[in-house]
Amino acid sequence: MASMDVESLFTNVPVDETTDLICQRIYHLKDEEPLNIPEASLPLLLQACTKEVPFYGPDGKMYVQRDGVAMGSPLGVLFANFYMGSIEERLFARHPQLKPQIYARYVDDIFISVDTVSHINELITEFKNDSCLNFTHEIEQNKKFPFLDTMVHRDDTSFSTEVYVKATNFGFCLNGASECPERYRRSVISAFVKRALTHTSTWAAANTELKRVSQLLANNGYPQQEIDDGIKRRLDNFMSPEPKEKDTSRITLYYKNTMSSEYKEDEKTLKKIIHKKVTPTNPDTKLDLIIFYKSRKTANLIMRNSCLPPTSPLQEVNVVYQHTCSLGDCSRLHSRYIGVTTTTLSKRITAHLTDGAIRRHYLSEHGLILRRKHMEDNTIILTRENNNKRLKMTEAVLIYTQKPAINIQQQPDTSLPTKRQRAPS
């Protein structure tokens, strides 16, 4: 057993050649129906999405990728698989004797089974001659070989597998006490158990892995009852899976959010907006909203493939902000609201448009429905603070010293006129 690894596959894929391969496959195969896109348009679209995408480098300058596919590009895996598949097809058609007894590839990692080491070297030589790529390889030790996260054992007639854990794996995962949606913690347990069941070929190996997983999760702060329930739930599903019929009467909406301590309030606001503003054309169709999160701190550590200018104030987080009402007598009285947000200021404004003291102020004092542009034009950032405790203390001090009138809690006024006017936009 051995593995072959392609060095820097994504950034070495020849874009022009791969674009031609994709178009040849899509439009000139007899058994395949071509895309509903003109043949002349598809290569232009692929080129625009790969060779004409500017991005900012760490030095603040803008660059354009000349060749190869940028890491993280949505087309990266597609181009890599098309290029590797075409090389394999040509090579094994010309040299069928070189095809290993077992040849399995996952993007740039290839698992093979051959009789001799010279076969591996010959195979790598032919791959290099037929492409612009370089390859490395590793060979089994003591009849076992790790491939991706699976340890493969070989005997004279068969293979067996178990979960492979690198020596550098210190057993860390999402902590059980983390501030995150409950479904995230359940998914951590489920993912570990699923891998134990799918990557092992015997129940003895699966049981050993489940014991390791149980201890690992306990070390990371998960209650034992929660671990046991998660293992049982996944085992029951594995042993007797229930076939799920596709429900065509549901529409799923996905929303990417930034994790913060106010994620529950964010989710509540988003669901309220969807419930009020979005209605399927078919009254029998239901809407499902799935909110997933990313860490802003992690996102800022990498170079993003974007030509957008630096972050605008509306996208800043961990700020104390002030909204000033400029209508009627309020413009002379300097009626203000001071608030704090650990999410983006834009999302906090969205929450104010739905409910809260500012919205009630405009309704009760001016008989107006607050609009986003008016809110954005009259809101400024007073201070920034990454420490959550200091951020809230700063807000409290500013409210105490400035005494903003709109911060006073207001009850809805049932005597408001039924005909509402539109606020200036």
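Three strands make up an open sheet in the order β13-β12-β15, with antiparallel pairing; strands here are DSSP runs of E with at least two residues, helices are runs of H or I with at least four, and both are numbered from the N terminus, while two strands pair if DSSP finds at least two bridges between them. Because β13 (336-341) and β15 (379-384) stand at the edges and have a single partner strand each, one side of each is left without a neighbour in the sheet. From one strand to the next the twist averages 25 degrees, where angles run from 0 to 180 degrees between N-to-C directions and axes are lines fitted to C-alpha atoms, for helices over the stretch in contact. This is a predicted model, in which local features need pLDDT of at least 70 and side-chain atom pairs count only at pLDDT 80 or more, whereas totals for chains, interfaces and linings use all residues. Residues are numbered from 1 along each chain as its sequence is written, and side-chain values use heavy atoms, with hydrogens and water left out.

Within this sheet, β12 (residues 319-324) pairs with β13 in the antiparallel sense over six bridges, and His323 has Tyr337 in β13 as its bridge partner. Helix α12 (residues 345-354) lies across β12, β13 and β15, running at about 125 degrees to β13.

Another open sheet consists of three strands in the order β7-β8-β9, again with antiparallel pairing. Here β7 (144-147) and β9 (159-163) stand at the edges, each with a single partner strand, so one side of each has no neighbour in the sheet. Four bridges join β7 to β8 (residues 150-154), and Pro146 stands opposite Met151 in β8.

Turning to the helices, the axes of α2 (residues 15-27) and α3 (residues 41-50) come within 10 Å and cross at roughly 145 degrees. The contact (heavy atoms within 4.5 Å) is made by Val15, Asp16, Thr19, Ile22, Cys23, Ile26 and Tyr27 of α2, and by Leu42, Pro43, Leu46, Gln47 and Thr50 of α3.

Which residues of α3 are buried? They are Leu42, Leu46, Gln47 and Thr50, where buried means under 20% relative accessible area, exposed over 50% and partly exposed in between, with a 1.4 Å probe and protein chains only. These residues cover an arc of only 130 degrees around the axis, which puts them on the same side of α3; the arc is that of the directions from the helix axis to the C-beta atoms. The buried residues of α3 pack against α2 and α4 (76-94).
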